[in-house]
Amino acid sequence: TGHITLDDGYGNTGSCQSDVTFIDGEQGILRYRGYPIEQIAENSSFIEAAYLVIFGKLPKQDERDNFAQALADNAPLHQSMMKHFDGYGSNGQPMAVLSAMVNSLTAYDPHVMHPADESDVFNAAATLMSKVRTIAAASHKTTIGEPIVYPRPDLKYVENFLHMMFSTPYHDYEPTPEVVRALNMFLVLHADHEQNCSTSTVRMVASSKANMFASASAGISALWGPLHGGANVAVIEMLQKIYDEGLDPAVFMDEVKDKETGRKLMGFGHRVYKNFDPRATILKGAAFDMLEKMNIDDPLLDVALKLEEVALKDDYFVERKLYPNVDFYSGIILRAIGIPLDMFTVMFAIGRMPGWIANWKEVHEDPKSRIYRPRQIYTGDVENTWIPRNERS
Ligand code: CMC
């Protein structure tokens, strides 16, 4: 195996060719299909951004309407799928439920295993985009012990999700325009991010010719970890701890810098961005905007600002080029919307669905696609000889 080069964490390995998302980490540039993230976040709904990411172009009116209709049509879950929720009870981990249920969708869709043409892929994409939101809201309702709320065909994507999350049998939830706008922006900013851990997991699974739902389910599992999508939970837990215990951010930072503690400043650092994460910049502005419009005073935003200020002046962070990433401010927005902490990474998964689908589609549509099969540097014993049990030490 002498010819194999170790690339720890694939830091310098191009694992595929892709047309979906462009990142320039030195300059803090992120573009979906060539369109700057700032323009998409300002002007596009999540559905438009999803269409762009998945199908490669900004949709014309009829294309957009058609996609929106497919999402509305696909929102309900098969009645027997509803029974799954009963099994999880009230301490369901929404990410575990989501991953399992997205995988289970395969059992309810006759075409997804062997999509025959573009329209089968379109339908699978619409099914996944739509049902992931129904599953997410239903798992939340199950966790809090309320009846599951059915999707409404007359509501738009984000509004429908909020309805399923927050309506009850005795109260119809009506979101304010600020909430709808902020959630759309949150989802748009999460829509894709080239070959991150979960997306490359999706491609890895897809490379064995596994179906779209199974591949997305694997993506959800990869996203769960605190170094990836789980960071949005870890950030709030960190801010809350600092706030509750009245810790001095500078002292907290000393612990982060002490490698012995194994502690990290959650929501900071990125494999690719070495200047700033444009998503964090947009989210920070949006968080301020939203709290002001909604008249909310969130003390955790003050803690976050203080931490950022201390970090950006600190040699440790400056030398290592560590800046706030997408997860640093996103939680402030989710809290203001009323999303509970255990749903934060689920929200990331809903947002990332277009990127996973687009990357799955690239693998699926590439006639030359080759199975992903990295090599290793073997470090174990080269050869042992079997010994009887009573002679083993
Ligand atoms: N706090 C303290 N030190 C850090 C941090 C941090 N958040 N991030 C990186 N470092 C240090 C790291 O210890 C290393 O130091 P040294 O050179 O002395 O060994 C140096 O910076 C380089 O970091 P790395 O571990 O080589 O970076 P990586 O590219 O392997 O990891 C990362 C990237 C995002 C996993 C990491 O920065 C991290 O763990 N951040 C905190 C978790 C987080 O916020 N994750 C969300 C990532 S963005 C959105 C997403 O994917 O969900």
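**Around the ligand**

Reply: An oxygen atom of the ligand lies 3.3 Å from a polar backbone atom of Gly 229, a polar contact being a pair of N or O atoms within 3.5 Å, where within protein one must be able to donate a hydrogen and the other to accept it, and residues adjacent in sequence count only if both atoms are side-chain atoms. This is a predicted model, in which local features need pLDDT of at least 70 and side-chain atom pairs count only at pLDDT 80 or more, while totals for chains, interfaces and linings use all residues. Residues are numbered from 1 along each chain as its sequence is written, and side-chain values use heavy atoms, with hydrogens and water left out.

The backbone also takes part at Phe 268, where a polar atom is 2.9 Å from a nitrogen atom of the ligand. At Tyr 316, by contrast, a polar side-chain atom lies 2.8 Å from a ligand nitrogen. Taken alone, the ligand exposes 930 Å², and the protein buries 74% of that, with areas from the Shrake-Rupley method with a 1.4 Å probe and, for residues, only the protein chains shown counting as cover.

Around the ligand there are 22 residues, of which His 228, Lys 259, Lys 264, Leu 265 and Arg 271 come nearest; a residue is near if one of its heavy atoms lies within 4 Å. Sorted by class, this shell has 11 nonpolar, 6 polar and 5 charged residues, where Ala, Val, Leu, Ile, Met, Phe, Trp, Tyr, Cys and Pro count as nonpolar, Asp, Glu, Lys and Arg as charged, and the others, Gly among them, as polar.
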